[in-house]
Amino acid sequence: MTIFSVHSTIFSRASVVLLSSNGFKRFSFASSFSSTAVYSPRLPKVKKQRRYPIVSAVDIGGVTIARNDVVKDDDPTNNVPDSIFSKLGMQLHRRNKHPIGILKSAIYNYFDSNYAKKFEKFEDLSPIVTTKQNFDDVLVPADHVSRSLNDTYYVDPQTVLRCHTSAHQAELLRKGHSRFLVTGDVYRRDSIDSTHYPVFHQMEGFCVFSPEDWNDSGMDPTLYAAEDLKKCLEGLARHLFGSVEMRWVDTYFPFTNPSFELEIYFKEDWLEVLGCGVTEQVILKQSGLENKVAWAFGLGLERLAMVLFDIPDIRLFWSSDERFTSQFGKGELGVKFKPYSKYPPCYKDISFWISDAFTENNFCEVVRGIAGDLVEEVKLIDQFTNKKGMTSHCYRIVFRSMERSLTDEEVNDLQSKVRVEVEKKLNVELR
Ligand code: DAH
């Protein structure tokens, strides 16, 4: 299945298989899950040789959060590295000359000009949420793989860095909001390539209807909501992409029924732009909304921005290089990114015998902890199991800076640190 694979929806498809090689849509909702997939071993932290300065506190919407409240070296459940902590509070979506902020504003414009009853906007909700908000409130099954330490950043057993903006649906409904857009940074442990980064941005849309909205239509309320949703999102896609070919694909999310994905035909391929559906009645009832229906959608801003602005690598969104930032200085949607230069990549391979506890996400976190944004891609290029039943993995690490040429010495140094840390932290045997 070829999909433009930047993170977007995670909770789709009723199957447990990996749908793409680089991690897109790895989670899904089969009726039964292997319990071994849940609570995979935590990644021990890489404490030395960080490429990130250690940030001691961050500000999230005026609230100061201390490092020690989020990065807990002595808590076995905690798997938040400093590199991730430092991203909290960056809120790229609130920078009006940043591609993510520009795109957010373009979506706001669409909703403001097409809906007389305005959508309320929330973009400052803390990304540190309870497991109840992130999972239970949106009906994610207790044994679902997305709850694992391998996939989600846990602060403690009851607290996570939200992995989707859907985490705020229920609380906002309970507070009486009925039409809203929630934009925010979301966090997922993942593989490394040009379209995956452990922090990215989503926008959630939610719209509740009352009987007076659908009564005159003579339609079934669920159908009414589904039609309204499709009309709204087709309009949004045209607003952003112009007159494009689109198609709706039926899918599965635990929080909606029916559920859909919208794909648009872009550069000779079908690109999934968002997940959406008619909200499960249980969610509305639990929030005190009887006799209502609602639709909801969730879209990944990076994936859309990469297409709209021609941005080739997801790491660029985090760059403070003026050659990047100045290109979006006017805050316009139609701007195409002009690459300032492409520095040479440097490839390094590493092979080891894995242990049962080994996961690729843990490996990638070690590599990122050492090389930071100098790592462009981590690819499994070979694997085999020998007669004794030992499995070997060979990964190719692509080092490339977006800002300068790396020296051989620097890359060799990074690679040898990776070798040391991988052996030490992941219980593997180097070959
Ligand atoms: N939360 C989903 C994800 O991150 C995206 C999504 C799908 C949000 C459907 C929704 C929805 O509100 O109705 O994978």
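**View 1. Helix 9 is followed by Asp310, whose phi is positive, near 60°.** The model is predicted: local features need pLDDT of at least 70, side-chain atom pairs count only at pLDDT 80 or more, and totals for chains, interfaces and linings use all residues. Residues are numbered from 1 along each chain as its sequence is written, and side-chain values use heavy atoms, with hydrogens and water left out. Helices (H or I, at least four residues) and strands (E, at least two) are DSSP runs, numbered from the N terminus. Asp310 sits in the loop between helix 9 and helix 10 (322-325). Asp310 is a residue other than glycine with a positive phi. Most residues other than glycine have a negative phi, and most peptide bonds are trans. At 31% relative accessibility, Asp310 counts as partly exposed. Buried means under 20% relative accessible area, exposed over 50%, and partly exposed in between (1.4 Å probe, protein chains only).

**View 2. Helix 9 (residues 301-308) is mostly covered.** Eight of its eight residues are buried. They are Leu301, Glu302, Arg303, Leu304, Ala305, Met306, Val307 and Leu308.

**View 3. The whole chain has 12 helices and 16 strands.** Of its 431 residues, 58% count as buried. Take the contacts (heavy atoms within 4.5 Å) between residues at least 6 apart in sequence: 68% of them join residues at least 24 apart.

**View 4. Helix 3 (residues 99-114) packs on helix 7 (residues 221-241).** The angle is about 130°, and the axes are 10 Å apart. Axes are lines fitted to C-alpha atoms, for helices over the stretch in contact, and angles run from 0 to 180 degrees between N-to-C directions. Helix 3 and helix 7 are therefore oblique to each other. Angles under 35 degrees count as roughly parallel, over 145 as roughly antiparallel, 65 to 115 as roughly perpendicular, and the rest as oblique. From helix 3, the contact uses Leu103, Ala106, Ile107, Asn109, Tyr110 and Phe111. From helix 7, Lys231, Cys232, Gly235, Leu236, His239 and Leu240 take part.

**View 5. Cys207 has Cys232 as the cysteine with the closest sulfur.** A disulfide is a pair of cysteine sulfur atoms within 2.5 Å. The two sulfurs are 7.7 Å apart, too far for a bond. By this rule the count comes to zero disulfides. Cys207 counts as buried, at 0% relative accessibility.

**View 6. Strand 11 (residues 269-279) pairs with strand 10 and with strand 12.** Two strands pair if DSSP finds at least two bridges between them. Strand 11 is mostly covered, with 10 of its 11 residues buried. Strand 10 (residues 256-266) and strand 11 are antiparallel, over nine bridges. Tyr265 has Trp270 of strand 11 as its bridge partner. Strand 10 and strand 11 form a hairpin with two residues between them. In the turn, Lys267 has a positive phi of about 45°. Five bridges join strand 11 to strand 12 (residues 293-300), again in the antiparallel sense. Here Leu274 stands opposite Leu299 in strand 12.

**View 7. A cis peptide bond joins Asn257 and Pro258.** Omega is about 0°. Pro258 lies in strand 10.

**View 8. Three strands form an open sheet in the order 4-6-5.** The pairing is antiparallel. Strand 4 (128-130) and strand 5 (154-156) are the edge strands, and each pairs on one side only. From one strand to the next, the twist averages 35°. Two bridges link strand 5 and strand 6 (residues 159-161). Asp156 has Thr159 in strand 6 as its bridge partner.

**View 9. The loop between helix 4 (131-134) and strand 5 holds Ser146 and Leu139.** Ser146 is buried, with a relative accessible area of 1%. Ser146 and Phe11 are 135 residues apart in sequence, and 8.2 Å apart in space, C-alpha to C-alpha. Leu139 counts as partly exposed, at 26% relative accessibility. Phi of Leu139 is positive, near 65°, in a residue other than glycine.
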